[in-house]
Amino acid sequence: NSTVQKYKQAKNNLEDFQKLKRRVYKTEMIDLKFRNDYVDFLINVQNYAPTTVYRKMKFLRTVLYFIEEQGIKVNPFLHNSRFLTKDVEVDNIALSEKELIEMESLDLSKDKRLEQVRDLFLIACYTGQRFSDLNKIDKNNIIDDEYISIRQQKTNEAITLPLLNSVRKILIKYNYRLPKISNVKFNEYIKEVAEKCNTLEIPCSSENDTPRYKMVSSHTARRTFVTLNYSKGIDLDTLKIGTGHKQTKTLQTYIKMNDKQKAA
């Protein structure tokens, strides 16, 4: 089911690109120019990371291969090694406990927009849930004032999580109705929040001088949840129950420990 959803999203991306260009592309038109224009659209309009762009192009290539197998003519460029982008390993980050505490302690009372985004981010950090599942956390999902029970959108699996005091305080603050915002706007605003944190002004790594605050996104919260709990000794098999992952191997890629966390 998750694979079907990914291909549907890839189809939606292509349809949005055609609307932007005000034209319908036939299979014979998928040439080098199309490829370059489409990659530019995925990066600069959709704001996708390099690894996501790579996957989107793989989806498109797979469909075109299938079309070709059905005897329908495609552009020869499909078989060119330049059709795909490079699968670049990006400097995904997870917040340290110190960074998370500073973000939580920010006084954003004079900027409701940033305050709401910060609070949603904190909920995701403390529950490990996907951005799409945050709006499911409300009064009806609280059991015995101790647990949160929701059915995850991506997997359709029901999970139960402990209701931490930090999460309870935020829920009470919003009367158990968390603010709603699009993922695109969220990723834009959370960087503004992160920029206010002194601890996030340092470079990502010795090889990448990009400030850490610029790398913060909705998915950073999931990586933060996994990294901090793993560093506290919680095993991955337990953590994947809460995050909804099927494979422990996938969850391992979420662990982004800094040097001090590794030493501990």
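Predicted model: local features only at pLDDT ≥ 70, side-chain atom pairs only at ≥ 80, totals over all residues.

Trainee: How many residues are in the largest nonpolar core, and which have the most contacts inside it?
Mentor: Go from one residue to the set that it belongs to. The largest nonpolar core has 41 residues, and Met103 and Phe121 are those with the most contacts inside it.

Trainee: Which elements give two or more residues to this core?
Mentor: Helix 4 (97-105), helix 5, helix 6 (165-173), helix 7 (183-195) and helix 8 do, together with strand 2 (147-151) and strand 3 (158-162). The most comes from helix 5, which gives nine residues. Another core lies apart from this one; it has 19 residues, and Phe17, Val39, Leu60 and Phe77 are among them.

Trainee: Which residues of helix 5 meet which residues of helix 8?
Mentor: From helix 5, Phe121, Ala124, Cys125, Tyr126 and Thr127 meet Thr220, Ala221, Thr224 and Phe225 of helix 8. By class, this contact has six nonpolar and three polar residues, and no charged ones.

Trainee: How many aromatic pairs does a search of the whole structure find?
Mentor: That search finds ten. To class a pair, take the distance between ring centres and then the angle between planes. Planes under 30 degrees apart count as stacked, and over 60 as edge-to-face. The rings of Phe17 and Tyr25 have centres 5.6 Å apart and planes at 25 degrees, so this pair is stacked. Both residues, Phe17 and Tyr25, are buried.

Trainee: Why is the pair of Phe17 and Tyr38 edge-to-face?
Mentor: Their ring planes are at 70 degrees, with the centres 5.1 Å apart, so the pair is edge-to-face. Phe17 lies in helix 1 (residues 2-21) and Tyr38 in helix 2 (residues 32-44), so the pair ties together parts that are 21 residues apart in sequence. Phe17 and Tyr38 are both buried.

Trainee: Which residues do ring pairs link into a cluster?
Mentor: Follow the pairs from ring to ring. They link Phe17, Tyr25, Phe34, Tyr38 and Phe41.

How values were computed: Residues numbered from 1 in each chain as written. Heavy atoms only, no water. Contact = heavy atoms within 4.5 Å. Helix = DSSP H or I, 4+ residues; strand = E, 2+ residues; numbered from the N terminus. Nonpolar A, V, L, I, M, F, W, Y, C, P; charged D, E, K, R; others polar. Core = buried A, V, L, I, M, F, W, Y, C linked by side-chain atoms within 4.5 Å. Buried < 20%, exposed > 50% of the residue type's maximum accessible area, 1.4 Å probe, protein only. Phe/Tyr/Trp six-rings, centres within 6.5 Å; stacked < 30°, edge-to-face > 60°.
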